[in-house]
Number of protein chains: 2
Amino acid sequence: MATVPSSSPSTGATIYSVAERAGVSIATVSRVLQGAGTVSSKTSQKVLDAVDALNYVPLGAARSLAVRHHEAHGLVLPELSGPYYSELLIGFESRAAELGQSVTLMLTEGKGDIGRAVRQLATRVDAIAVLGSAAMPPAVARALHGQKPVVIIAGTPQDGIEGVGAENAASAERLTEHVLAHGRTRLLFVGDPAGAPDIADRHVGFVAAHAARGLVPAAPVRVAFREADGRAVAERLLSGELEADALVCANDELALAAMTRLQDAGRDVPGDVAVVGWDDVMTARYVRPGLTTVRQPVRELGAVAAERLHDRVAGGAPRLEPQVLATELVVRTSCGCPRP
Amino acid sequence: MATVPSSSPSTGATIYSVAERAGVSIATVSRVLQGAGTVSSKTSQKVLDAVDALNYVPLGAARSLAVRHHEAHGLVLPELSGPYYSELLIGFESRAAELGQSVTLMLTEGKGDIGRAVRQLATRVDAIAVLGSAAMPPAVARALHGQKPVVIIAGTPQDGIEGVGAENAASAERLTEHVLAHGRTRLLFVGDPAGAPDIADRHVGFVAAHAARGLVPAAPVRVAFREADGRAVAERLLSGELEADALVCANDELALAAMTRLQDAGRDVPGDVAVVGWDDVMTARYVRPGLTTVRQPVRELGAVAAERLHDRVAGGAPRLEPQVLATELVVRTSCGCPRP
DNA sequence: CTGTTAGCGCCTTCAT
DNA sequence: ATGAAGGCGCTAACAG
């Protein structure tokens, strides 16, 4: 017969109350709940009945303390607008769940002290994945590194912190070359390479494609990647401040906003200006002309991140080389290709 | 001088190692870290230094066990496609963070045993918000209810479980009346009222608007709300199986897919058929004609849910009446309104 | 202002 | 197959 140290009925059932009701020891209850050890089916049933009757919900914190694992992964995202982050989150959560890990999410946007928030997060998870190095002050990254496994998604791996990402430079080069092959000569890269590591990579590809033809592209139009920024770029084009016969945008939001503004002003896309983007968001296939863009395996990226964390928590060594997933060029008609 | 029970350097610093290094007791360390009690600034600094030197990250589980609170809220979402869920999540996370709560996310899509997953979640959070009652088997809802505070978002409140949601019926009625006022007579409701509680409410409004004019609408076209379903409905319209001069769709994905397919087949929207939707997704303002739809304060909805959970955890009583937020009709031109 | 000392609920050897 | 008992790291009285 088990002893119940202090039964607080209001607080809900504990392993003690379950044991008491089932007439067994707490060790037995623990065994049947964990499926560990061997328990006679008769005893097991008694325990299960008690659990059911008491509506027992184990206290995760107590278990975590005992097993010395949170069984949870942390994911730090800058924000959640557009399909990119959602897809990443889906992939991450799904894989984490398959591996028996919960996921605790943190959005940095709007948080005053990101460092504090991340440390707080570190308090309750076994490992952390962060999207883009910019989202997390390097100091925090270093602090966490060595304490908990950390992987950076789509960011520049720093100080030997493991990274996973999608291929950017090569597909940017392919995309740019595709536009160049349409006879366009004055391409403009819209987006700030300094804003995010993967944007930087895309710009590298953009430049490389030009270089391959002995060309030197104009300087990038450094803007953030919201729709408003895309509209603003279109305005600058319309006013003559900027000149181009093709816009290679850092993402689809930018491309769509620019394209639509241009069209509303009477410009022909792609006749007057070709416009291409990145991400293949839903809208990209609804607009006319359809937006030529690059599709990234974002969901898989999230899954890979979750997997790496799990492996690291299990004692696996960090990979030295970042894992990079392939991307795919999606050609529609905004680039100047004829309608199918 | 503090005693360190068992120092495992590999496992990272504990409150004991910090105390030892700072030459104080663990109680003092706890005090400065929690900002509770009073500690001389000199001692405080010593502790902070030790924390820093050891790169101490407290173990959340231990704290949770001691304070008997997880300081975390759970959020259960069916999936994460489209902007609706993301917005909700943003609102929820932001408000939760402001209240000092972490958020643990769970997606039911793809999970075999949702009940098991929810119970597992309940293990590590103080309270749970669930989107749509359909996502969580009633049995689980009952089991959790009484154990942990639960609020249902945009679902039919059951058994006195608290609910929060956006207004649906009245705006659906307004939207439908708007279409009717354009002289349309054969409206079709596209979406399955049985699929989700808020769809049911929208259908109620749809019927009410007809009733107000002494009309009886056709039976709803019961389909899920993915793009493929919208295209399928368009096909049935094109083939003559379905007949209508206006489509009132349960959400924008459906509306956009149907509208585009119709246009690709040469139909004029809104000339031949008006199409309206729900949610005001990004694409809605990019397509031509612009999609007339209804905007919901989704982000705020998430915030309210987080707030309610927090209040309940603090001992607040569940609200008897569901909290419902106002929605807004967004009139563009797909309904038949003239271009501005 | 600071140290001592019980627990918090669960897991896990070690006996039996 | 089952029970007893120690410990996981931290908080919160209670003393001093």
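How many of the five residues of strand S5 (residues 162-166) of chain A are buried? Select that strand and find out. This is a predicted model, so keep that in mind at every stop.

**Stop 1: strand S5 of chain A**

Five of the five residues are buried, so S5(A) is largely enclosed by the rest of the structure. Look at one side of the strand first. A:Glu162, A:Val164 and A:Ala166 lie there, and they are buried. Now turn to the other side. A:Gly163 and A:Gly165 are there, buried as well.

**Stop 2: the neighbours of S5(A)**

S4(A) and S5(A) run parallel, joined by three bridges. To see one pairing, pick A:Ile153; its bridge partner in S5(A) is A:Val164.

Pick A:Gly165 here. Its bridge partner in S10(A) is A:Val324.

**Stop 3: strand S4 of chain B**

Move to chain B and select strand S4, residues 150-153. Which residues of S4(B) lie on each face? B:Val150 and B:Ile152 are on one side, with B:Val151 and B:Ile153 on the other. All four of these are buried, and both faces are covered.

Show strand S3 (residues 127-131) of chain B. S3(B) and S4(B) pair in the parallel sense over four bridges. One pairing to pick out is B:Ile128, whose bridge partner in S4(B) is B:Val150.

Then show strand S5 (residues 162-166) of chain B. Three bridges link S5(B) to S4(B), and the two strands run parallel. Here B:Ile152 stands opposite B:Gly163 of S5(B).

**Stop 4: where the chains meet**

Colour the two chains separately and select the residues in contact. Chain A gives 49 residues to the contact, and chain B gives 49. Together the two chains bury about 4,400 Å², of which 52% is on carbon and sulfur atoms.

Which elements of chain A give two or more residues to the side that touches chain B? Select helix H4 (60-67), helix H5 (82-98), strand S2 (102-107), helix H6 (114-122) and helix H11 (252-264) of chain A. The largest share of that side, six residues, comes from S2(A). By class, the side of chain A that touches chain B holds 23 nonpolar, 14 polar and twelve charged residues.

Zoom in on S2(A). It pairs with strand S2 (residues 102-107) of chain B in the antiparallel sense, over three bridges. Select A:Thr104 and look across: B:Thr104 in S2(B) stands opposite.

Salt bridges come next. Six cross the interface of chain A and chain B. One of them joins the side chains of A:Arg288 and B:Asp264, at 3.6 Å from N to O.

**Stop 5: B:Arg267**

Finish in chain B. Select B:Arg267, in the loop between helix H11 (252-264) and strand S8 (274-276) of chain B. Is B:Arg267 buried, exposed or partly exposed? Its relative accessible area is 35%, so B:Arg267 is partly exposed.

Now show what surrounds B:Arg267. Apart from neighbours within four places in sequence, B:Arg267 is in contact with B:Leu237, B:Leu238, B:Leu262 and B:Asp272. Take B:Leu238 as an example. B:Leu238 and B:Arg267 are 29 residues apart in sequence, yet 8.8 Å apart in space, C-alpha to C-alpha.

Note on methods. Residues are numbered from 1 along each chain as its sequence is written. Chains are lettered from A and ligands numbered from 1 in the order in which they are written. This is a predicted model: local features need pLDDT of at least 70, side-chain atom pairs count only at pLDDT 80 or more; totals for chains, interfaces and linings use all residues. Side-chain values use heavy atoms; hydrogens and water are left out. Buried means under 20% relative accessible area, exposed over 50%, partly exposed in between (1.4 Å probe, protein chains only). Contact means heavy atoms within 4.5 Å. Buried area is the accessible area (1.4 Å probe) that two parts lose on being put together, summed over both. A salt bridge is a side-chain nitrogen of Lys or Arg within 4 Å of a carboxyl oxygen of Asp or Glu. Ala, Val, Leu, Ile, Met, Phe, Trp, Tyr, Cys and Pro count as nonpolar, Asp, Glu, Lys and Arg as charged, and the others, Gly among them, as polar. Two strands pair if DSSP finds at least two bridges between them.
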